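Let's take a walk through this model together. The report below goes from one chain to the interface, and then on to a few individual spots.

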Amino acid sequence: MQPLVVAVRALILVLAVAFSVSWAVTPVQAADSNLPDNAHYHIRSVQLRDLDGDGRPDEAILKGAFITQNDELDIYDSHNDLPQSDDWRDLVHFDHATMVFDVGATGSAKLIVQLSSGQGGYVANVYDDRNGDGHVSYVRSGASIRVTETLHPPLIVKSPGPWLLRNGKLQGNLSFLVDGPIVSQYSLYPDAVKALLTNDGNPDFYYRVVDPSDTGNPTYAIWQLMHSLPDTYAVLRSGVLGREGTKQMSKPEGYLFWPLLGHSKRYDEGDYFDTPPTIEVDWAKAQITRVGLLGYPIERGYHINSMRPIVNGTTNEANFENPMAYYDLADNHDGRPELHIRVQNTLADDYCGYPETCRRPFEDIRYSWKQYASNALTWDFKLGLAGRHDITGVVSFPGFSIKTVPYAELPTWVAQNSWDFASFVATEGHSYNSSEGIYEWPALGTPEAGSYLRGLSTAPSVFPESKLPMGFRGEYTLDLRDKPRLYLSPIDHNLHLLKAQAGVWPIDAHDTLCYDSLGTAFISKWSLLEDGFERAVLYRGGPYIVYQGEGDVEIRQTSVPAAVSIVGPPTNHQEWLDLGNLLARNKPQFAPGDLAAMARQFGQPVLAIRGANISGFRLTGSGFRFLLDLWPGFQEQGALVDMKGLTSGQYIVTYDGRWSIQPATPPSLSTTVVPQDLVQFRPGALDLTLRNDGSEDISGAQLVTTATPPEGQPEQLASVSVEVHGRDVTKLAIPWTPGASGAWTVTAELDPDTAAPIKLGHFDVNVAPPGPAGLNTVRAITTSSWLTLLAGLVLAAFATVGGTAFWQLGVRSSTSRNTDEDSSER
Amino acid sequence: MSAEVKQGQREDGRLWAVPVIFMTAVGLYFVARYEGWWAEGDSAVFTMYIRAFLRDGSLIPTRGEIYPNGYGYQAISLFVVSLTGLDPAALQQLVYPVLAALVALPAWVLYRELTGSARGATIAALLLVIQPEFLFVMLRSSHEKFTRTLMFLCLYLLARSFRTRGGLGFVGALIGLFYLSAFAMVADNNLLAHSFIFAVAVAMAAGWSLERLFPHLRTGAVQLHQRLFHASLVCLGLVWISMFYVYLPSQTDLGVIQSIGGRVNALVLDVSDEATNSYAPVAGAWVGRYTYFVLTAANWVVLLSSLAIWLRWGWDWLRNRKSPTTTGRWVLWLLYAAFALQGALSVVADTSGAIAANFQARVFPSFSMISVAMVGAGLTDWRPVWRGKALRLGLSALAAVLAVLSTLKATDEPGVSNWWMFYRPYELSAVEWADAHLHDSNIWTGFTGRLTVAFTTAGGVSANGNFLTAFAPKLGTGDFVVTDATRLRSTRTGQPLPIDFDSFVVFDDGDAQLYHLRPRTPFQR
């Protein structure tokens, strides 16, 4: 090989390696100091310089305290029309200038803004530090500044007219194009996406505020991730912010010369659309950190955050947060919303575990409202709702539209729609601060709940009761299938969720109040747990209140209805006022968890027993029944039930319009098993009948069925919780696909893992073998007879061709002639 | 030249027809065995790609699926479909299996070039088409049918150009045709082309090193290493031009592989992290414990015998300081080493367990292409002095048996395999009925993807947003197509049918049923 060629190849290799290594080891420099952020500024001196010797100034140097005590702003004017003035206000203009911000007067730029204007409007190219060295590199040639930090401006801001309007407000129609990582936008994304968002001349984000009135009061803003990502990336790609009502946007304040460099900390104190869009800069790091509207949330308005892009000219579907809306229910214009609705929606063709889609849309809704007066952003009640609805409403914007629930319709849409799951949370005894409502106990609180709602699993998830912290009262149902309604209970005088299945109120570190509806639409059981042990219980059954204290049983008669009032969640000012009045009129007069006091509000007991206990309370079709355990020496007072002559022991007490009491007999079970179509490898079942001849119920027992094959180990068929009422029959079908044919033995047992298991018996069942699977079956299924014959003939033919070819061409003896002599190296 | 020798040459010149006839017979058998009702994963998605091509009439269709690694196969298919009016499914299921015989032609000329013998070439080509892994990728209807053919053509043109001492025009034509074929191969599948170039480059590097260590190995071929070097470099350039300028979707697959190691594996070894090949041996795929080994006997026979020959040649050339008899054999020896190294690296590179599938589907067929030439050359040279006729008879019988076994393996014969390619029209009708009457549902179609790929081959995508599933039923699957073939497989493999005893039968044509599971919750309705 030629030495020159070798040398060139070696050089290429060395350069490639050197490039890779240098790229890999380039250090990221730390910030040089913690500079104060956006302090108000004053000018100490103004100096003009003539850079091109034409006798006219091209550069204005403003020294003073803008961010630190010693800062400098250099304004370069390549158009040669900088006025001869020592008033800095005359020198700062935005038509065509380059502003170099030297915060700390270190001789290096922390930010460079190149302003220009023309037919298309006003443009600002904003440069910050890209390589982590804490400043923006540039070179000056005369009055021209060329930024060498990067080839592409990290931020371009465009305006159709002057940056400031005549009314002193910021231009309301602005577009921001972000190219490369800007901290606030960047933080939304995982590393795999961040790696794609580079400063390469192709904008990564687009942010636009729109003011149709041209008065400096934008009505909406839209942002978009412009980098195309695979559909499977579950990241936010677009968003819209909308302002409702008549509140005006303020003038830019505390800004650093250019009105887009606003006072971000002051802006943060308000709501979005309260203050104009801004560019926030971390001057210590010389980096742009936020772009757009600041402040959160809003008293009247909404925003949408979607994983789908917004495409102009179409009606776009949006998922994730569509919408998040805020309402001034109190109509007090105090800057604090009283209602927050967050609709987290998943669309039918969204990915729910690649490559499957969700198949049906579903929503997880947070509907939080503030009912009691407060100056802070607090919330008192929350409804969590989950359901499966198509969002069909359309909100139009200039150039595009979005499928969403329109702002004005959203509260009614939530309140009037039917939902599958619901939770209800009330804050008790403390204020709850948050910008997005009450987070505790969402309706779809667990992944299992989502699976159950989508019909993917059959087991309703256990609601995470234990996760409700102290100071919250919560109720839930996984089978609402109705409009969400609340009711005020005349028993505990609290607001409850209609059709709640159960609930919990952790009162303090020891006491917890538990609720149970006992299968009705209203809470029918209150039980107080002290350190996990039940201390008192109160039941509502028909016209009676049954209270169980420690050794005391009291029954009172009442005629109060199940609910003082049934209402929907407040959707407007009037409903909000009405609910407030209802709550104010019905405040509880007893301490939370004082079930005895709760019972006493209904007068004297019609039956009081000292030395007794009740258990197994359940509602029946026409009343209720329970097991009464009379202790030795018990004393009764009242004539509700004829207890004459009763001795200590257990009794079944029944109310079905009239009272009766009978001695209890323990459960007595008998079982029968009938096999259903049992064939090996095919789905079948065992029909199992449990008969209880005793009067006591069996509740929550674990029934375990096991099958033992003719040869091999037993296999468990099912383990299910069963309930067999006294003198009643329960039927079950146990699904079973036998893995072997022949005679099996099935065993059924109740509570096998407890100290007192109940064996229900052994049963012989016969499993038939499946159909034939031999070659004849294969042939019959795979092809027709004549083709089998043909295929066989072809197979034999080519086997013969192969064999013959080898015979003719294969191994030659040492004496045979080689016909290939002349075929090599022709 | 004597008349006898001339006669011998004429006879030798017709030997190419033997592997072509043989391969045609295999193709016909495959089509006849299932009456054309066969479907397979890659073939099904390529049918989809062809349809998208046909519908859109552009290289990168705006609607439908796009094959990220190349467009050659779709383009050729579009041409054939447009010319003949064939339905893409008919082309894929009936025509392409028979057209697989085309590969035997470039294979034969390459082997003649490498072994220096028409007889050796014929033996090698016959051995090639009884390699079950190679046979499988050629019979099914994916890009490999053309990629492998072009691979043979490239190797032939390359090897032929080494031996040429003719005029510049002839050499130029060979080189020009080589790069044209190489570009066509890249257009077919850039990853497979990339790995092929890697193997050629390795062969070049090994040859260059060995010839410097052992000068007697220099065969006098014209600028062997320079040409191999330039061929590798230019082909690499063609791949990158294709990826970054001609067919941009080919960057997609590399883009989604996050690790550098993964990208290197994909480019150099054509091994991906995903085990999606339907030909992968799975537990219970064969009726008996040793069935797989018996059916793949041709692999092992060729593997072991080619290794023995390679070692023997290496021993002669490196230890005994003999010179290679022809340039072709020297190149063959080097290519064998390169493809073997590629196979070995694939095994080492694999950490995901996906190697079994990838090795069989990609690397082993490539290795087979070269190893059979070693065996062909070895058999040609072999002059046994003892019981020559008996050996000849034995080898011929063995070849016949191996041909049958390999064909059974390559066609997933249901008599011996539980991993089936066949389907029956009524099974497809049941799936189509289910798709027409359900919407946004998961529809289970069987223990393997047999009916889902049949559905894709026949029509493409669900019209009602249904998702056809197979294997273990996915969470939330409520509808199940169960056919007599599904029941047969259940019985043979001991897999219970995944439906409930009380499922609703909503469709039943006697041989196929659609079951709908009874809702157990309000949200399953």
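## Chain B as a whole

Of the 525 residues in chain B, 59% are buried, where buried means under 20% relative accessible area, exposed over 50% and partly exposed in between, using a 1.4 Å probe and protein chains only. Chain B holds 22 helices and five strands; these are DSSP runs numbered from the N terminus, with helices (H or I) of at least four residues and strands (E) of at least two. Among contacts in chain B with a separation of 6 or more, 77% join residues 24 or more positions apart; contact means heavy atoms within 4.5 Å.

A word on the ground rules: this is a predicted model, in which local features need pLDDT of at least 70 and side-chain atom pairs count only at pLDDT 80 or more, while totals for chains, interfaces and linings use all residues. Residues are numbered from 1 along each chain as its sequence is written, chains are lettered from A and ligands numbered from 1 in the order in which they are written, and side-chain values use heavy atoms, with hydrogens and water left out.

## Where chain A meets chain B

At the interface, 70 residues of chain A are in contact with 80 residues of chain B. The area buried between the two chains is about 6600 Å², with carbon and sulfur atoms giving 64% of it; buried area is the accessible area (1.4 Å probe) that two parts lose on being put together, summed over both.

Eight residue pairs are in polar contact between chain A and chain B, both residues being at pLDDT 80 or more. A polar contact is a pair of N or O atoms within 3.5 Å; within protein, one must be able to donate a hydrogen and the other to accept it, and residues adjacent in sequence count only if both atoms are side-chain atoms. Which element gives the largest share of the side of chain A that touches chain B? That is α11(A), with 15 residues.

## Nonpolar cores

The largest nonpolar core has 122 residues, and the members touching the most others are Phe798(A), Tyr111(B), Phe152(B), Phe196(B) and Trp333(B). Such a core is a set of buried Ala, Val, Leu, Ile, Met, Phe, Trp, Tyr and Cys residues joined through side-chain atoms within 4.5 Å. Leaving out residues up to four places away in sequence, Trp333(B) touches Leu210(B), Trp310(B), Trp313(B), Gly314(B), Trp317(B), Leu318(B) and Met374(B). Another core lies apart from it, with 59 residues that include Ile75(A), Leu91(A), Phe101(A) and Val113(A).

## Helix α22 of chain B

Helix α22(B), residues 484-493, is largely enclosed by the rest of the structure, because seven of its ten residues are buried. Its buried residues pack against α10 of chain A, and also against α20 (425-437), β1 (442-444), α21 (450-458) and β3 (479-483) of chain B. Just after the helix, Gly494(B) takes a positive phi of about 75°.

## Two loop residues

Thr296(B) sits in the loop between α15 (291-295) and α16 (297-319) of chain B. Thr296(B) counts as buried because its relative accessibility is 0%. Its side chain makes a polar contact with the side chain of Trp300(B) at 3.0 Å.

Ser435(A) is in the loop between β26 (432-433) and α7 of chain A. With a relative accessibility of 24%, Ser435(A) counts as partly exposed. Its C-alpha atom is separated by 6.2 Å from that of Pro297(A), 138 residues apart along the chain.
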